[in-house]
Amino acid sequence: MATGEETEHPKGKTTQRAVLGGALAAAGVCIFKVFWDHWHLNRIMNGNLKLFNGSKMHLSTIRALAKAKSPLLRGWPSPGVKDGLKRSLITMASKEDSGSADEMEKMRLELLTPPVAKEIQHEIEEQGDVRQDPFYYFRDDDRKNPMVLDYLKAENEYTKSVLADTEELQKRLYKEIRGRIQEADVSAPLVLGGYMYYTRTEEGEQYAVHCRKKCAPGDTMVSIEENPAPEEILLDENKESRGFEFYMVGGFDVSPNGERVAFGLDTTGNEKFTLYVRDLKTGKNILTEPIPDTDGSFAWSTDNATIFYTKKDHLDRPYQVWKHKIGTKPSEDEMVYHEKDDAFYLGIGLSRSEKYIYIHAGSAITSDVRFIKADRPEDVFREILPRQSDVEYSVDDRGDQFIITRRDVKKFNSEILVAPVENPEAYQVLIPHDDKVKIENIEVSAEYMAVFQRSGGLQQSIVYSLGKQAAINPKSFDRKAGKAIEFDEPTYELHDGAQGDFDSPWLRYVYTSFTTPTTIVDYHMTRGEKKVRKVAPVLGGFDSSLYKSERVHATAPDGVQVPISLVYRKDLVKLDGSDPMLLDAYGSYEICNDADFRSSRLSLLDRGFIFGIAHVRGGGEMGRTWYLDGKFLKKRNTFTDFLACAEYLAENKYTSPEKLCIQGRSAGGLTMGASINESIKSSKGPHFSTAIAGVPFVDVLTTMLDETIPLTTIEFEEWGNPKDKEYYQYMKSYSPMDNIVEGKKYPNMLVTGGLHDPRVGYWEPAKLVANLRRKASNQSLILLKMDMGAGHFSKSGRFDRLVETATEFAFLLKCQDMLHTPLKPSA
């Protein structure tokens, strides 16, 4: 060109454009990063970032806290609420000497705002007394009320925010607890009908696999590994549970010929089981359609084609027994028994001898049994002994005789009777009543009878030879010839296990203590030989010699000696009053809360905790009278016993009120709630600093006045009927919901519930927390953790349940300022 100017090459333009485009892209990325950083931080802080826009130092601190996932930024209220406290918290965190971590944690917790439930006026009038219940509307039997569900979700979020500083600890605890479990494990085998039955668990899987192998009748003591027969998988719960948030098998009964299995499935946690029957040769379900709403108890006839099952009513009461013929439609099933008394629950089972099918009907204090021959399913069920108020009995059989364990008011610790099948009322006494020895259960086989009993609070098992004769003669029966199985530890738990073939000379029992993992033992009743079939593995090291268990006694206000079982690490505790302690209690229904081993508990013991069980009245640990002295109009003994135990432990330097934590579930939650209220009223209180109330029965009066709530009617025989004025006033005097002390400081409390709980309505723990927030002083942590997909017994998966345990332990450690206390394994 004639201009003389240098011509730009087209490739140069392309390069410039690329550079410019790259610069613009980089700038865009930077702008996006800044925007994203700002948006992310603001989201974490619930819109509060603008409070710090003018301070580079504060923004730098906030970014560092967010990067470290610090709990200090979690759960803040919206802008305009406690803004000064927010600035003070970030200012303290910005300083090189960040000040007291405790002080910052107090500020963080002060920032968190607990949910406030709407109050709706509701009056409950009874016996001329009017009570206000502003949270009565929490009860929603359909579990669909959006206002209630939103409140429960808000409580869960609040609990999560409060416990945000324990999240890493929760992970460690979960890892510790799960790490002690041998995930791939096999149960002790049980020989029945030519098969060896057992369950397996697999690495990483939540549920059990039900299996069996063929075996010869004499192979009772052969191990699963020694048995060369191929394994049959009867039910793999892991495969079948996929797609369900909750999965529980209820009942697992193989037909007498071993060709079919009946089992029930609950996939919500409401304890209503759908019945399935599976052909074990083909693996196919053979009912024309599943049968819903059973209670999970079934009984096969020995024709192997007829199965009996128990149905529940709308209040979850097992009230009818039905008969189904395989191959017919469930709509053609026949009802064989209908229990019309609302206080009675039904159960059904095939006897160990496989000669009879029993229907057991029971209320809290009365029971009776009906029977037919197992090979005659068309027969009508006949009563064995007539029903009498406050008389309970259970039945075993051998030959042409029933062996009956019977309790009445005078023979409160039970006696054992023998009666001809054709005329049961012509019974004779085999083992008489002893007011110092409580008979808990018996196991009858072809030639032996094992009696599980309790004396002085400790369990025993006595084995009697019945010989080969067809009938037992009470007159020649030598009661002194029984052989006791010996146990050496000061406190333990003992019960009968699943038993094998009726003619087997082996008795299976289960033994455990605070320092002995669950041990399954087969005892040869002729030779006295013990063979350990299974010891629950404890991985990661466990040296039982480093732990000490004790049994001590506290004196109740009326002078009664209340036993306490204790366990601790000898090398970690000081026993000078400075040790943290977790004290457990139950105290209802004559249930025995005995000393057992739980590997999860090592996560507390190996951090220096003492663990204890208060064997308060209302339980059955010390015999029938121990139970009777803690129910009806003596229920308050349960709570005064518990407070006496707390006082004893502090006075004797096992712990102190500041270090004492308490826990109880279900009716044990009632023990917690009532004891806390009594402690706050007492001049000797407070007795404890922290409490866990699991699915607690705490709205006693309101629940017991409402017969539309499951269990209410049958519970009249445990607590009394508040429509009787004397019982109304007494129950009102201890019902936790009705005795919250206004304006007083309560212990730190973690209250748990299950949305689908059929035993204790989810609204009870929710109402307790809402009422504590409304009445008590705001000086403690009051937390509600509601499982939205489970029932009374928490989650169904074995690992999922560990998450709940880890959360509860983390709460205890937080409240004891032990978040960073290291675990010191015993081995």
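Analyst: What follows describes a helix pair, then a residue in another helix, then one further helix. The model is predicted.

The pair consists of helix α3, residues 83–94, and helix α4, residues 101–111. Their axes are 10 Å apart, and the two helices pack at an angle of about 155°. Angles over 145 degrees count as roughly antiparallel, so α3 is roughly antiparallel to α4. The crossing of α3 and α4 is left-handed. On the α3 side, the residues in the contact are L85, K86, S88, L89, M92 and A93. They meet E103, M104, M107, R108, E110 and L111 in α4. Sorted by class, this contact of α3 with α4 has seven nonpolar residues, one polar residue and four charged residues.

T159 has a relative accessible area of 3%. Buried means under 20% relative accessible area, so T159 is buried. Leaving aside residues up to four places away in sequence, T159 touches L750, L783, L784 and K785. The C-alpha atoms of T159 and M786 are separated by 9.7 Å, although these residues are 627 residues apart along the chain.

The last part is helix α11, which covers residues 667–681 and has 15 residues. From its first C-alpha to its last, α11 reaches 21 Å, close to the 21 Å expected at 1.5 Å a residue. Helix α11 is mostly covered, with 14 of its 15 residues buried.

Key. Residues are numbered from 1 along each chain as its sequence is written. This is a predicted model: local features need pLDDT of at least 70, side-chain atom pairs count only at pLDDT 80 or more; totals for chains, interfaces and linings use all residues. Side-chain values use heavy atoms; hydrogens and water are left out. Helices (H or I, at least four residues) and strands (E, at least two) are DSSP runs, numbered from the N terminus. The expected span of a helix is 1.5 Å times one less than its number of residues. Buried means under 20% relative accessible area, exposed over 50%, partly exposed in between (1.4 Å probe, protein chains only). Axes are lines fitted to C-alpha atoms, for helices over the stretch in contact, and angles run from 0 to 180 degrees between N-to-C directions. Angles under 35 degrees count as roughly parallel, over 145 as roughly antiparallel, 65 to 115 as roughly perpendicular and the rest as oblique. A crossing is left-handed if the near helix is turned anticlockwise from the far one by less than a right angle, and right-handed if clockwise. Contact means heavy atoms within 4.5 Å. Ala, Val, Leu, Ile, Met, Phe, Trp, Tyr, Cys and Pro count as nonpolar, Asp, Glu, Lys and Arg as charged, and the others, Gly among them, as polar.
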